[in-house]
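Work through the exercises below with the sequence and the model at hand. Each task is followed by its solution.

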Amino acid sequence: MRNYKVILKLTGPITQVPDSQKLFGALMYMFAEKYGDERAADLASAVRNKEIHLALSNIMPEGYLPAPKDYLMDHISKKNNRAEALKKKHAAIKIRSYIKSQELEHVLAEPESSEFLFPYVTQLDLQQLRASIDSVCYDIPELDTRLYSVPTVVLSEVSQDKKGREHYRPVDTYCYFLQVDDSSLCSDFLGMTEDAAADQKMIILGKRASQGLNLFQFMEIAEQKGSGAEAAFYLNTGMLLPDSIDFKASSIKLFTSQRRPFEMTGGWRENAPKYYISFIEQGSIIVVREGVGHAGKSIESPFRQNRDIVFGNAFLYPIYLSERQV
């Protein structure tokens, strides 16, 4: 297994932080553009049938990892029985959506320290005001406008100075992790990503791209040292559909998501049937006994079954815990 970090630059507002399933769909379009629909169908089939190994993380702030919130709150609750103190500690953890990657091991070993951890990244949900022009009014001198709001999210890095004052800085550099084996299909997928980084190509990761939302630009890709294959404990960083994990030993939280097909020419199909599926959420602690390649799986999609799949091979970031810590 080879691991890579792909750096992306955010070019405008986003409506949500893109997850690994959404990222895989966008990358599949890029793959089909470069290698053709038949090769893309072969890739999706090989991923679904576990003939190759390809894993992706969610998009996240560069230099940060998803905070293992439930793990931390569970361990803090075991050591505290004062309701007010516990409420304060839980509130401090909830706002820490992402923590520095180099702080992860320390926080897992000492959950109480997470309350005072700086810097961290927090997520704010906002509404952005927009104006549209009714197309039926194009033939009159005065065009009517219609105001509406679009839900957006802002990720901010929170730091603290020596006087205890907090400072907020919007995050504009993001990344995702890619894990591949040595198969020819994965080599093509990796090559496509390397070319996108070299060309600083744009990628659409959500709706309203025509309005400048959800647009990212590839910046660079770098191989990460160590495969983590020898680890038994992992931090889940994507949307994981579990295949072979130790559920009893893991600390997991489920995320239920609606899935709709996306067309590059027309965007999200609003009139498509609604389907819901539950994934293991990012920040969960996953115990794998049979190797990271067996942890996740992908399944057949209800949309365009000859090529599309529901991608569930989340990138698992290796961590080091003892059995008693989980």
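**Exercise 1.** State how much space lies in the largest cavity and which residues line it.

Solution. About 40 Å³ of space lies in the largest cavity. A cavity is a set of points on a 1 Å grid over the protein atoms alone where a 1.4 Å probe fits but cannot get out, and lining residues have an atom within 4 Å of a point. Its volume is the space filled by probe spheres set on the points, which are joined across faces, edges and corners. The lining consists of A67, L72, I93, R96, I99, S114 and L117. R96 also lies over the face of F118, 5.1 Å from the ring centre (CZ of Arg or NZ of Lys within 6 Å of the centre and within 35 degrees of the ring normal).

The model is predicted: local features need pLDDT of at least 70, side-chain atom pairs pLDDT 80 or more, while totals for chains, interfaces and linings use all residues. Numbering starts from 1 along each chain as its sequence is written, and side-chain values use heavy atoms, without hydrogens and water.

**Exercise 2.** Describe the ring pair of Y174 and F216 and its surroundings.

Solution. The ring centres are 5.8 Å apart and the planes at 90°, so the pair is edge-to-face (centres within 6.5 Å; planes under 30 degrees apart are stacked, over 60 edge-to-face, the rest tilted). Y174 belongs to strand β9 (residues 173-180) and F216 to strand β11 (residues 215-224), 42 residues apart; strands are DSSP runs of E, at least two residues. Y174 is buried at 1% relative accessibility, and F216 is buried at 0% (buried: under 20% relative accessible area, 1.4 Å probe, protein chains only).

Conventions
On a 1 Å grid over the protein atoms alone, a cavity is a set of points where a 1.4 Å probe fits but cannot get out, and a pocket is an open set with protein on both sides within 12 Å along at least five of seven lines; lining residues have an atom within 4 Å of a point. Rings of Phe, Tyr and Trp (its six-membered ring) pair if their centres lie within 6.5 Å; planes under 30 degrees apart count as stacked, over 60 as edge-to-face and the rest as tilted. Helices (H or I, at least four residues) and strands (E, at least two) are DSSP runs, numbered from the N terminus. Buried means under 20% relative accessible area, exposed over 50%, partly exposed in between (1.4 Å probe, protein chains only).
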